[in-house]
Amino acid sequence: MNKKQKIYNKLLELVKEENVKVDEMLKDHLYTKLGGKADFFITPTSYEEIQNVVKLSNEDNIPFTLLGNGSNLIIKDGGIRGIVINLKHLDTIYSEGNTVVAQSGARIIDASRYALDKNLSGLEFACGIPGTVGGALYMNAGAYGGEIKDVLDYAFVVDKQGNLVKRLAAELDLDYRTSNISANGDIVVEATFHLKPANYEDIKEVMDDLTYKRESKQPLEYPSCGSVFKRPPGYFAGKLIQDSDLQGTNIGGAEVSKKHAGFIINKDNATTSDYISLIEHVQKTVKEKFGVDLEREVRIIGDDKD
């Protein structure tokens, strides 16, 4: 029996067979529609299953990667070795008084809509953010003047030893598009948001306005990873890219959006290599023209193709 078969058999002892896939194409799980295969693709249905998979990866020295819904992520064409964990089955959202509790596999958009239905204000900014709750915490997602750290009370995580631990918001070092979740090796499984009672129509008016702004300005008709670059101090990334005459520039099937310069779209069957090359070209051009370093907001992970 080869090593891969042994790992597969061990995983079947921890997770239901229908939730363990071998050589799963990751492009099917990303907004960019890019990326190679995962050796093992796991979709746990409980916190205990996550804990057990983490413990197995520690015991057998198997690398594991957490994948949300792939809205702010680029995976290389060679895919990812070891175990990829996706928490799409953990998507429950409920409320307790003025708090909304959401499991990490739920979309942050859905948490925002749920809050609206409960007449709770504070998550309106998230009504157009395509990521999961876990991903939103991971990068302290934000839009239109709001961000996760404004409303997060605490989270439950599975730590790198496989323990279920409560982390207060203040312990996560939430800052502009960053946190310490990755550095600590934590897997967010649940988040609690503290919100304020408000009038349904007032909340809805704000969300409708933000949704219109997003849909009218962003190239949502094409696969993309969303906003590629962080906002440089004193500048706007999109404006720098636009003023560098880069809109419409393409490498392979990847193109700098003509609708919003801060987006790179998969216009015509791009490879991850196309995408990364175009990101680097944009960074180099903006640096040459304006002396500004554009830092990526999007994460790039995985192996290069042989």
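This is a predicted model: local features need pLDDT of at least 70, side-chain atom pairs count only at pLDDT 80 or more; totals for chains, interfaces and linings use all residues.
Biologist: Which domains does the assignment give?

Modeller: The protein chain is assigned domain 1 (3-86), domain 2 (93-216) and domain 3 (237-301). Such bounds come from an automatic or database domain assignment. The centres of domain 2 and domain 3, taken over C-alpha atoms, are separated by 28 Å.

Biologist: Let us turn to strand β11. Is strand β11 largely enclosed or largely open?

Modeller: Strand β11 (residues 152-158) is largely enclosed by the rest of the structure, because five of its seven residues are buried. Buried means under 20% relative accessible area, exposed means over 50%, and partly exposed lies in between (1.4 Å probe, protein chains only). Strands (E, at least two residues) and helices (H or I, at least four) are DSSP runs, numbered from the N terminus.

Biologist: Which strands pair with β11?

Modeller: β11 pairs with strand β13 (residues 187-194) in the antiparallel sense over six bridges. β11 also pairs with strand β12 (residues 164-168), again in the antiparallel sense, over five bridges. Two strands pair if DSSP finds at least two bridges between them.

Biologist: And what stands opposite Tyr154?

Modeller: In β13, Thr192 stands opposite Tyr154; in β12, the bridge partner of Tyr154 is Leu168.

Biologist: What is in the turn between β11 and β12?

Modeller: The two strands form a hairpin with five residues between them, and Gly162 in that turn has a positive phi of about 95 degrees.

Biologist: How many aromatic pairs does the search find?

Modeller: The search of the whole structure finds one aromatic pair. The rings of Tyr154 and Phe156 have their centres 6.0 Å apart and their planes at 90 degrees, so the pair is edge-to-face. Rings of Phe, Tyr and Trp (its six-membered ring) pair if their centres lie within 6.5 Å; planes under 30 degrees apart count as stacked, over 60 as edge-to-face and the rest as tilted. Phe156 counts as partly exposed, at 25% relative accessibility.

Biologist: Which residue lies over the face of Tyr154?

Modeller: Lys166 does, at 4.1 Å from the ring centre. A charge sits over a ring if NZ of Lys or CZ of Arg is within 6 Å of the ring centre and within 35 degrees of the ring normal.

Biologist: A new topic: what is the strand order of the antiparallel open sheet?

Modeller: That sheet has four strands in the order β15-β18-β17-β16. Its edge strands are β15 (224-227) and β16 (250-251), each of which pairs on one side only. Helix α8 (residues 272-290) packs on the sheet and touches β15, β16, β17 and β18 (263-266), and its direction makes about 25 degrees with that of β17. Contact means heavy atoms within 4.5 Å; axes are lines fitted to C-alpha atoms, for helices over the stretch in contact, and angles run from 0 to 180 degrees between N-to-C directions.

Biologist: Where do β16 and β17 meet?

Modeller: β16 and strand β17 (residues 254-256) pair in the antiparallel sense over two bridges, and Asn250 stands opposite Glu255 in β17.

Biologist: Which open sheet has mixed pairing?

Modeller: It is the sheet of four strands with the order β1-β2-β5-β3. β1 (20-25) and β3 (64-67) stand at the edges with a single partner strand each, so one side of each is left without a neighbour in the sheet. Within this sheet, strand β2 (residues 37-42) and strand β5 (residues 80-86) pair in the parallel sense over four bridges, and Phe41 stands opposite Val84 in β5.

Biologist: What about Ile301: buried or exposed?

Modeller: Ile301, found in strand β19 (residues 299-301), counts as buried at 17% relative accessibility. Ile301 and Ile80 are 221 residues apart in sequence and 7.9 Å apart in space, C-alpha to C-alpha. Leaving aside neighbours within four places in sequence, Ile301 is in contact with residues including Thr65, Leu73 and Ile80.

Methods
Residues are numbered from 1 along each chain as its sequence is written. Side-chain values use heavy atoms; hydrogens and water are left out.
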